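Hi everyone, thanks for coming along. Let me put the structure up on the screen, and then I'll walk you through a few places in it.

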Amino acid sequence: MKKIFPLLTLVLGLQAVQAQEFVDEDTLFMKIVRQVNAEDFDIQSLAGFTKTAYINRENKTTSIQTKSADTKVLTPAELYKKNKPHVYRFIRLFKNEGSDRLMVENVATAFPISEDGHFVMNYHMVELVNAGSGDPETAVKDKHYILADYDGNILAMDSIVSYNALADVAIVKANTKGKKIYAFPLGKDLETGDNVHVIAHPKAYLYNYSTGVVTRMTQHNNDIYSRKMEISADYAAGSSGGPIFDDAGNIIGIVSLTQSFYYNQKEQRSLQMVIKQSVPVSVIKAFIK
């Protein structure tokens, strides 16, 4: 029996190692490249998002069936493992001059809040397709945008549902082709000092996890769209639109922007502090009837 124990220890050790899933960015990237360049890929199915973007839908509210908040507290590892597969990439497709192949660029992050395909992202992302311009001639024709989850499932976006520039929030409707997708439950605004968890794609470093606390909540002139939630969790460009979770994995905010404080602000010399400015979930709920 003494000889069995080391073997059992080795097997259990191997199982523990195998439990960790490693993010393979090249595989995730190439999976999308192959799909969008396959002969049966219908690029025209993506046109709705850019063709209808000019329609003014600022501050519109819509009926969205969201999930009730969860109450079970998760460990950080559990939270990441559960939610990572459903954090989407906001991807730009375009052709280089002289090439027939579609190029793929990871631009930002987005996340679903309903099983029928309502997604939250930043206003400054839908601004890329001239959202609300009022002029159909401003429709972007040389670029297309898609959403893709961790498994490489691609969703076309049919329309921009609503947005607000001050809030830096937009809701888009993706075409799920009648299938239900996983949606994150919406929580409630946190208080300063509460824990936060972010899963996003900073600088296309896919599925990066960071954690911190709420450092400050702000609002101007009682305007709900001006509400901001400053946090200490790390993120960067590409994280825009990333979901921010509470300890139970509920959405309590969305990544927005960063603000750098320098000792010499005018010359941007001697960086001292970077404020991570996000949007609390109460702003997202303001778009929902």
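**A walk from the barrel to a helix**

Let's begin with Ile231, which sits in strand β9, residues 228-231. Before going on, please keep in mind that this is a predicted model. Is Ile231 buried or exposed? With a relative accessible area of 3%, Ile231 is buried, because anything under 20% counts as buried. Leaving aside neighbours within four places in sequence, its contacts are Val196, Val198, Val213, Val214, Thr215, Ile244, Lys276 and Ser278. For a sense of distance, take Tyr145: Ile231 and Tyr145 are 86 residues apart in sequence, and their C-alpha atoms are 29 Å apart in space.

Now for the barrel. Six strands make a closed barrel in the order β7-β8-β9-β12-β11-β10, and the pairing is antiparallel. From one strand to the next, the twist averages 45 degrees.

Lys84 lies in the loop between α4 and β1. At 4% relative accessibility, Lys84 counts as buried. Which side chain does Lys84 meet in a polar contact? That would be Glu21, at 3.4 Å. Not counting residues up to four places away in sequence, Lys84 touches Glu21, Tyr150, Ile199 and Tyr207.

Let's move on to β5. Nine of the 11 residues of β5 are buried, so this strand is largely enclosed by the rest of the structure. On one side of the pairing story we have β4: β4 and β5 pair in the antiparallel sense over three bridges, and Ala148 has Ile154 in β5 as its bridge partner. The two strands form a hairpin with five residues between them, and Gly152 in the turn has a positive phi of about 90 degrees. Then there is β6, residues 169-175, which pairs with β5 in the antiparallel sense over seven bridges. Here Tyr163 has Ala170 in β6 as its bridge partner. This hairpin has four residues between the strands, and Asp168 takes a positive phi near 60 degrees.

Last stop: helix α2. Its 12 residues, 25-36, should span 16 Å at 1.5 Å a residue, and the end C-alpha atoms are 17 Å apart, which agrees. The buried residues of α2 are Leu28, Ile32, Val33 and Val36. What do the buried residues of α2 pack against? Their partners are β1 (88-95), β2 (102-112), β4 (143-148) and β5 (154-164), so this brings us back to β5, the strand that is largely enclosed. On the other side of α2, Asp26 and Arg34 are exposed. Finally, at the start of α2, a side-chain oxygen of Asp24 comes within 3.3 Å of the backbone nitrogen of Asp26.

That's my tour, and I'm happy to go back to any part of it.

Key. Residues are numbered from 1 along each chain as its sequence is written. This is a predicted model: local features need pLDDT of at least 70, side-chain atom pairs count only at pLDDT 80 or more; totals for chains, interfaces and linings use all residues. Side-chain values use heavy atoms; hydrogens and water are left out. The expected span of a helix is 1.5 Å times one less than its number of residues. Buried means under 20% relative accessible area, exposed over 50%, partly exposed in between (1.4 Å probe, protein chains only). Contact means heavy atoms within 4.5 Å. A polar contact is a pair of N or O atoms within 3.5 Å; within protein, one must be able to donate a hydrogen and the other to accept it, and residues adjacent in sequence count only if both atoms are side-chain atoms. Two strands pair if DSSP finds at least two bridges between them. Axes are lines fitted to C-alpha atoms, for helices over the stretch in contact, and angles run from 0 to 180 degrees between N-to-C directions.
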